[in-house]
Amino acid sequence: MNEFDDIRPYNDSEVATVLAKLSKNSEFIDTLLSIKHPRLYRWLPWLARPVISYALRSAFSKMKKVHDLHEAIRQSFGKLLIKTDSFLTISGLEKLDRKTPYLFISNHRDIAMDPAFLNVALIDDGRDTVRIAIGDNLLKKEFVSDLARINKSFVVKRSIKGRREKLEAFTKLSRYIRYSLITDKCSVWIAQREGRAKNGLDRTEPALLKMLTLSKEKSQNFGAALSELNIVPVSISYEFDPLDINKGMELAEKHKTGSYEKNEDEDFLSIYKGIVGKKGAVHIAFGDILKKDYLSADEAAHTIDKQIIKNYKPHATNLLAYHKLHKSNHKTEAMAAKLECDWAKITDEFNLRIGALEPMCKKIVLEMYANPIIQNINQKQ
């Protein structure tokens, strides 16, 4: 067995088999049915299941390679953006060499859409898509794991217990990322921290950078091992977060009770809502490749943070939230002056969005949108 078989994405040779399995997976079919057609799922599931299965087989029959799947996803993605009144803008990609594989480390807002938008930017510029790091906590269902791994995702084993076992798993992960970049010449995406930044504060975990160097040569120092990975910080910003209220309610519950218990299907439903929900204007900013010979993970993390915060494109919703929590100042007024958008429309929609929330949840959601502005202001001081 290949060293990475338990964590790697599926290969082209496995695509047809995996898609055929998915088209027959009863849990996958029932999940799609319950989300897309809840009434039909409730009253006539026996009638609808064969129809869904046939539709899946028909669509999947045209896909023989991962590239075919990504082309189909890109076409559907464009229609989805139009349907949800969303659009993507990109900056900084022109600085990156087309033949060089990069390790894209980005801030993290949405489980599926952060790497999906990155891939759209790459596809539309004629570049290859990335391999995507995803935690095994999101892959508890077999069909979700298949969907992720056929979409070039590799598994981060976060659920492993035991110090030695964790070290072994993260060392293998480090070797796989290095193998992808240096041997396979394939770019990789990974979030700057474990889990989404639900409070809107973007900070890189130094432990992530330490993990990346677990696979270094004995003769290499930390900085040399990190620099050969071609790390590029990436900032992604959403005008509207489809899961802002959900995140606010979760953080409010944690504040009140000290804990929050997810239901069994919550992660998958979050993925679905993130995909189909309105995001408005979305911007991806590609930063500059890390070139310095860093002495420590803390130093490298600080550099990544500075780029992500500096390159984060603020939206009207960020500034509206900031102004509701703090007095406006010349810096936020300058940011607002640069935005070309329908302020009246966005203000009405944002106010309607948060208007019915209970006070604590509303404050948390406002902070979520305002914190990128606060980070930007504080960094420049």
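Which residues is A133 in contact with, leaving aside its neighbours within four places in sequence? The legends below take up this and other views.

View 1. Beyond four places in sequence, A133 is in contact with F154, V156, W189 and I190, where contact means heavy atoms within 4.5 Å. A133 has a relative accessible area of 12% and is therefore buried; buried means under 20% relative accessible area, exposed over 50%, and partly exposed in between (1.4 Å probe, protein chains only). The C-alpha atoms of A133 and N351 are separated by 35 Å, with the two residues 218 apart along the chain. This is a predicted model, in which local features need pLDDT of at least 70, side-chain atom pairs count only at pLDDT 80 or more, and totals for chains, interfaces and linings use all residues. Residues are numbered from 1 along each chain as its sequence is written, and side-chain values use heavy atoms, with hydrogens and water left out.

**View 2. The largest nonpolar core, with 54 residues.** A nonpolar core is a set of buried Ala, Val, Leu, Ile, Met, Phe, Trp, Tyr and Cys residues joined through side-chain atoms within 4.5 Å. The residues with the most contacts inside this core are L103, I105, I177, I190, L209, L212 and I231. Helix α13 (residues 297-311) gives the most to this core, with five residues. Another core, of 23 residues, lies apart from it and includes Y102, V120, A121 and V282.

**View 3. Contacts of I231.** Residues up to four places away in sequence are not counted here. I231 touches L103, I105, L212, L226, D288, I289, L290 and I304.

**View 4. H37 in the loop between α2 (26-36) and α3 (38-43).** H37 has 39% relative accessibility, so this residue counts as partly exposed. The C-alpha atoms of H37 and A48 are 9.2 Å apart, at a distance of 11 residues along the chain.

**View 5. The chain as a setting for the close-ups.** The chain has 17 helices and seven strands; helices (H or I, at least four residues) and strands (E, at least two) are DSSP runs, numbered from the N terminus. The C-alpha atoms fill a box of roughly 65 × 60 × 45 Å along the principal axes. Buried residues make up 50% of the 381 residues. Of the contacts with a separation of 6 or more, 78% are between residues 24 or more positions apart.
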